[in-house]
Amino acid sequence: MRKGPIVQVSGQGPVDPETGEYLFPDDVAAQTLRTLENVRAIVEASGATFDDVVMLRVYLTKRSDFPIMNDAYGEFVRKHTTSGVLPARTTVFTGLPREEMLVEIDALAVI
């Protein structure tokens, strides 16, 4: 959703955009990377770049997955944030809409 310079990306999961298949059912690192790729693709389709992302919210099903997600997340965000100014992040532990989802991520970008 883009309104003026604001882009809000609704919660995304580890879905193959071509097939709609949920990927990596037992791998939170791979799910995190796939989900962030989906977020990045949506941000870029709106005319923004990943450098325009000011906030990411990460939803996890298990507290024990946090360190693994955090490592994958950090690797991805540092790689795709060329300005060096990393977006803010909130992490929430909750249930997710599909059993195979270990992670869901939404984003806010300002162009």
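## Thr 32 in helix H1

Thr 32 sits in helix H1 of this predicted model. With a relative accessible area of 0%, Thr 32 counts as buried, because the cut-off for that class is under 20%. Setting aside neighbours within four places in sequence, the residues in contact with Thr 32 are Met 69, Ala 72, Tyr 73, Val 103 and Ile 105.

Thr 32 also belongs to the H1 side of a helix–helix contact, in which Met 69, Ala 72 and Tyr 73 are among the residues that H2 provides.

## How H1 and H2 pack

Helix H1 spans residues 28–45 and helix H2 spans residues 66–80. The two pack at an angle of about 35°, and their axes are 8 Å apart. As for handedness, the crossing is right-handed.

On the H1 side, the contact is made by Val 28, Ala 29, Thr 32, Leu 33, Leu 36, Glu 37 and Arg 40. H2 answers with Ile 68, Met 69, Ala 72, Tyr 73, Phe 76 and His 80. Sorted by class, this contact has 9 nonpolar, 2 polar and 2 charged residues.

## The nonpolar core

Which residues have the most contacts inside the largest nonpolar core? They are Val 53, Leu 56, Val 58, Tyr 73 and Ile 105, in a core of 21 residues. At least two residues of this core come from each of these elements: strand E2 (6–12), H1, strand E3 (53–60), H2 and strand E5 (103–110).

Leu 56 is worth a look of its own. Leaving out neighbours within four places in sequence, Leu 56 is in contact with Val 39, Phe 50, Tyr 73, Val 77, Pro 87, Ala 88, Arg 89, Thr 90, Ile 105, Asp 106 and Ala 107.

## Val 9 in strand E2

Val 9 is part of strand E2. Is Val 9 buried or exposed? At a relative accessible area of 2%, Val 9 is buried.

Not counting residues up to four places away in sequence, Val 9 touches Ile 42, Val 43, Asp 106 and Ala 107. For Ala 107, the separation along the chain is 98 residues, while the C-alpha atoms of Val 9 and Ala 107 are separated by 5.0 Å.

## Phe 24, a positive phi

Now for a backbone detail. Most residues other than glycine have a negative phi. Phe 24, in the loop between E2 and H1, has a positive phi near 55°. This residue is partly exposed, with a relative accessible area of 39%.

## The loop between E4 and E5

Arg 98 lies in the loop between strand E4 (88–93) and E5. The relative accessible area of Arg 98 is 37%, so this residue is partly exposed. The side chain of Arg 98 makes a polar contact with the side chain of Glu 100, at 2.6 Å. Arg 98 and Ala 30 are 68 residues apart along the chain, and their C-alpha atoms are separated by 16 Å.

Glu 99 is found in the loop between E4 and E5 too. Glu 99 is exposed, at a relative accessible area of 82%, because the cut-off for exposed is over 50%. Between the C-alpha atoms of Glu 99 and Pro 87 there are 28 Å, with the two residues 12 places apart along the chain.

Note on methods
Residues are numbered from 1 along each chain as its sequence is written. This is a predicted model: local features need pLDDT of at least 70, side-chain atom pairs count only at pLDDT 80 or more; totals for chains, interfaces and linings use all residues. Side-chain values use heavy atoms; hydrogens and water are left out. Axes are lines fitted to C-alpha atoms, for helices over the stretch in contact, and angles run from 0 to 180 degrees between N-to-C directions. Helices (H or I, at least four residues) and strands (E, at least two) are DSSP runs, numbered from the N terminus. A crossing is left-handed if the near helix is turned anticlockwise from the far one by less than a right angle, and right-handed if clockwise. Contact means heavy atoms within 4.5 Å. Ala, Val, Leu, Ile, Met, Phe, Trp, Tyr, Cys and Pro count as nonpolar, Asp, Glu, Lys and Arg as charged, and the others, Gly among them, as polar. A nonpolar core is a set of buried Ala, Val, Leu, Ile, Met, Phe, Trp, Tyr and Cys residues joined through side-chain atoms within 4.5 Å. Buried means under 20% relative accessible area, exposed over 50%, partly exposed in between (1.4 Å probe, protein chains only). A polar contact is a pair of N or O atoms within 3.5 Å; within protein, one must be able to donate a hydrogen and the other to accept it, and residues adjacent in sequence count only if both atoms are side-chain atoms.
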